[in-house]
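Subject: Structure handover

Hello,

Here is the structure for your files. My notes on it follow below.

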Amino acid sequence: MAPVYKIALIQLQPIDVDPAANFAAAEKHIRSAASQGCHLAVLPEYHLTSWCPENPKFISSSQESVSYLSRYQSLARELNINIVPGTICEVHPSSSTKDDPSTTLPTDPAAELRNMAYFLAAGTGEILGTYQKKNLWHPERPHLTAGALEPHSAFEVPTLPPINDGKTVKVGMLVCWDLAFPEAFRALVAQGADLIVIPSYWYMSDVDDDARRFNPDCERLFLSSALVARAYENTAAVVFCNAGGLSQVAVPILGAMGAFGTAEETRERGEGDMRVVEVDMEVLRVAEGNYKVREDMAREGWHYGYTLGKGE
């Protein structure tokens, strides 16, 4: 029998440029998750700084937030829980100036911002996986550098109980707007990903008045539809933790599990809320047995193999 994973979704609306306060709220929830025997705790995108690139303190706050990665590693060791600490906005020399000794941070205009996600192992705090957001939402593009074109990577997580007759679980990570691209999921599933974790900063107000004129609830519809579709079409569990609401674990056959309301419908900014979702991982085996998505992807001559670099 496959295990039941206990996954803590920490739906936190961060306070702008206040990593200390945001970390304190996150730590409280992670400790609560560990006390309830959770295997994995997930935080939203930009959870330490919020997304406010026009704020004059945003760059310095991003630099400060990098130091919190080691504190999350310490929590993973102390509490014996796997942690995806949302994303951390990091300041780096740009690739074109990184060897230039005159480059300074954070005021140098050549510095680049990278939106980074990490998977930290229970018991050791080891970084098992790293991902830089590739598909940037259009308001992010003037500020962030997208991840390289190298393939998405799934990685084994030996600190999660094995599934399907002793198979070590494989995890992939995406971030927010990556959700809009089925190709990103296919690339991870082709590497055997069972669990795909998506920290997000997606608010229901992110579209303009023209879109809301057609449907004021269009973003809720987008997320609720796409998350379950991605789970079904990949026979995978999708762990979505979003500052703007609708955090959930989407799985085939069962649909959305533990879904939150929107940020406007839940707690005030700063405090956040947590929900523990129990997922019987046997559902993935049953879904694949019925739909045979992965089996089709793996067979010679699969129609869409070219999308995974398998030729025509």
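In helix 7, which spans residues 282–291, the buried residues are Glu 282, Val 283, Leu 284, Ala 287 and Glu 288. Please keep in mind that this is a predicted model. After helix 7 comes Lys 292, which has a positive phi, near 55°.

Next, the nonpolar cores. The largest one has 59 residues, and the members that touch the most others in it are Ile 7, Leu 179, Leu 195 and Ile 196. Leaving aside residues up to four places away in sequence, Ile 7 is in contact with Leu 40, Leu 195, Val 239, Val 249, Arg 275, Val 276, Val 277 and Val 279. There is also a second, separate core, made up of 26 residues, with Leu 69, Tyr 72, Leu 79 and Ile 83 among them. In soluble globular proteins, nonpolar side chains tend to be buried together.

Asn 234 belongs to helix 6 (residues 218–234). Is Asn 234 buried or exposed? Asn 234 counts as buried, because its relative accessibility is 0% and the cut-off for buried is under 20%. The side chain of Asn 234 makes a polar contact of 2.7 Å with the side chain of Arg 186. Apart from residues up to four places away in sequence, Asn 234 touches Phe 185, Arg 186, Val 189, Val 293 and Arg 294.

Regards

Note on methods:
Residues are numbered from 1 along each chain as its sequence is written. This is a predicted model: local features need pLDDT of at least 70, side-chain atom pairs count only at pLDDT 80 or more; totals for chains, interfaces and linings use all residues. Side-chain values use heavy atoms; hydrogens and water are left out. Buried means under 20% relative accessible area, exposed over 50%, partly exposed in between (1.4 Å probe, protein chains only). Helices (H or I, at least four residues) and strands (E, at least two) are DSSP runs, numbered from the N terminus. A nonpolar core is a set of buried Ala, Val, Leu, Ile, Met, Phe, Trp, Tyr and Cys residues joined through side-chain atoms within 4.5 Å. Contact means heavy atoms within 4.5 Å. A polar contact is a pair of N or O atoms within 3.5 Å; within protein, one must be able to donate a hydrogen and the other to accept it, and residues adjacent in sequence count only if both atoms are side-chain atoms.
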